[in-house]
Amino acid sequence: MTAEPTPPPPETPSAETIRVGIKDSPASTVRNTADLVGIIAHVVGIALICLLVIYAHNTTEGMAADVRAFAGLLQRILFVPVTVLDAAVILVPPLAVGIDLLVRRYAMTLLQGLVGAVGGIIINVTLVFLLKEIGPQSLVTGLSIGKQGTLIVTIPAYVSAITALLTAVASPARRKSVTWSWNLMWVAVVVSVITTSASLPGMAIALLVGRACGYGARYAVGIPSQRAYGLALLDGIRRAGFAPLTIDRVAQAGVPETQMTNPGVQTPQFFADHRLYAMKTLTGKEYNVIVLDGDRQMMGTIVRVWTYLRSRGVEGRNIVSLRQTAERSALLSYAVRSAGVSTPAVLAIAEAEDSMLIVREATRPSISFANIPDTDITDDLIDAMWAELGKAHHCSIAHGNLTPDAFRIGVGPEEGSLWVVGWEGGDVASSELALRLDRTQMVSLLAARVGPMRALDSANRVLSSDEVAALGPLLQIPAVPKATRVHMEKPKEVLAELRAELAKVMPEAQIQPEKITRLSARTVFMVVLVAVAIIAVLATFNLSEVVEAVGKSDWRWAVAAFVVGMVGFVGASLTFTAFSPVKLSLWRTYVCQLAASFVAVAAPAGLGPAAVNLRVLNKRGVPTPLAAATVALTQVATGVVTIVVLVIVTVITGSTQLTSFEVTPAMLVVIGIVAAAVGAVFIYPRTRRWAIARVTPMLEQTWPRLVELLSNPWRLALGLGGIVILIASYVTAMYWSMLAFGQDQSYLAAGVVYLLGNSAGAFLPTPGGVGAIEVTESGALVAIGLNAGVAASIVLLFRLVTYWIRIPLGWVAYRYAHHIGEL
């Protein structure tokens, strides 16, 4: 058991009169991560309000009506005209805050506030302009108020400017001028909304824009540092009961505020986000001082929350303040030392300015296990490392971040000593999973230095058979810290070798990976994909128009169009199966092609299936270059066959349709423009080189696969036949959508309309081709003589049966494909 050190008694008061040498480089301004979070939060708030205005118009209008109900009462008790109150808000806060800051000589803070105010006005005016020009009508109406029979968008620019000013200068937030200005602002906001000078959603957006711009100014310019430097740092150390003689900043990677170094002090990696000082007192003793800064607390909180969400072995911690962080660090230090583990002791904690100071024992002269020579890594040293970890585990204390740098081996006079550092991220009363993760990290860091076989042998010497067997399911990348993986040439291969060695030693051990992540990259991707899909549906899917269009149609043709559209997935599956360099199941390929209809919601037309196909081949072990070549060949073949099919369909439709097909002057103009553009590209050297540079990589990528397919005519025919089935299914769906509304146009016309819409969707990179396809196909139907209303109904029905209905079906297929291991 390690004897618990006691803090030295306070030294004589005369020590305060001694000149203390402080080597530091204070930061005058800092960028607070909380300001960046504030920007993101307020931008999200603006987006949510816009969605509420669009899709919960009745609710927002009801709230505004309830507020305006007080207008009559307010007008009877308000003795100041609203315009006068608005003028007071525009003039009083800037003057009061400006004079206050100039008197206090905070010129930089005043400039920061002005930057925020100007930014608030610019963003506000730009937002109003965009709303008027391209905003949905429902959103524009919800943000407008009626004046003299006309609707006027009301997002008050002065509110955004004043809010941005007050937000930008609100550090420290103890200025009375700022507080009283906020009170005046809130009174004016409430009065403006009640008296219908501004809409409730518009006023809320103006406030959020101002707050976002204010936080943006604070983050861009930086806020005055409230960290403890110089005399504030010295006073805090003295309050902790120490009389320093020298205080030297220890250089840290990632801390750009100082270039000073102190080679005599070994700095563990775990304080890279904080400041570390080497302190020598009047009595000649040496200590380390760790300074936790308040402006870095938000980043620590974000990292802690992400780690908890991502890893099942990490316990949740309800730490909300800098003081709690320091107290937790002290608690873990006391607990670990009480367990008998050799680690520097925390001696005292003090507060200074916006920082917490932790005074601990100085790290003895030592070297990291990551840097120790291979010849010095003996079995006795490895067993001693296991013994230190076992002492902590015996008291249910988990380290949580065991890396080679967590172990310090003494050098010089301390040779033979061993310390374990970095317990700040650990936990007391830990779960069994957390302890297993510690052992897994221990075996991994040893494997990085001495090899998997020797690392596993050391585990067999000190752990029970059950504990060794429990390592197998956790030997995976998420369980090993990045600082350990950098010491492995190929982390996946090292962990696989560890599992293989474990299977040799203990054949009965379970080595299949265990799920240890709550939130994986795939989960994040799925959440983002679903969010994009929902936004795309809400922003473009007009339910009333679709219901009206379906109601007017013959439902039998609509059902037939949906069924024939689903046949297209069979064609896509045949093509992909034929072009694939590995054998694929037709049924599983069909499921993946259906899943691509869900992925297509968040990708331009054609890219969704390409991404899914690439993933399928990668999961089958196909190298990425070969998989990309196969996908590219599929895309090129589809484009070429599309043109050929158009010619063949023209012949099949019969001579009567060909003779009735008139070439209009508009068509000649379009053909001439296209021909001139193609000719210009190849006439001028610069554009010719650009075109060749764009086409050559695709040809180089697809040519080897095409040559291989040419040697197998059956597979080539199967792939081309699948493309024909795919195109024919969509053209037939378009043709039957026309018949659903009694429009008996030619099959050729349906093919032309579909091909034009598909080309527009591929050219304009909108998710799923939404917007571009509808507009192009509607225009094409009108061009062949259909009524605009009927054309819009046909396109709505066609997109419903070939796109919108497939989204939920694609989601189910996507989940099933993941379940069976295809994606």
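How many residues lie between β9 and β10 in their hairpin, and which residue in the turn has a positive phi? Two residues separate the strands, and Glu353 carries the positive phi, at about 50 degrees.

This is a predicted model: local features need pLDDT of at least 70, side-chain atom pairs count only at pLDDT 80 or more, and totals for chains, interfaces and linings use all residues. Residues are numbered from 1 along each chain as its sequence is written, and side-chain values use heavy atoms, with hydrogens and water left out.

Start with the whole protein chain. It holds 32 helices and 13 strands. Helices (H or I, at least four residues) and strands (E, at least two) are DSSP runs, numbered from the N terminus. Of the 823 residues, 46% are buried. Buried means under 20% relative accessible area with a 1.4 Å probe, protein chains only. The accessible surface comes to about 40500 Å², by the Shrake-Rupley method with a 1.4 Å probe. Carbon and sulfur atoms account for 65% of that surface. Take contacts (heavy atoms within 4.5 Å) between residues at least 6 apart in sequence: 76% of these join residues at least 24 apart.

Now turn to β10, residues 355-361. Six of its seven residues are buried. β10 pairs with two strands, where pairing requires at least two DSSP bridges. Strand β9 (residues 346-352) runs antiparallel to β10 over six bridges. Here Ala352 stands opposite Ser355 of β10. Strand β8 (residues 286-293) is also antiparallel to β10, over seven bridges. Val291 has Leu357 in β10 as its bridge partner.

Conventions. Buried < 20%, exposed > 50% of the residue type's maximum accessible area, 1.4 Å probe, protein only.
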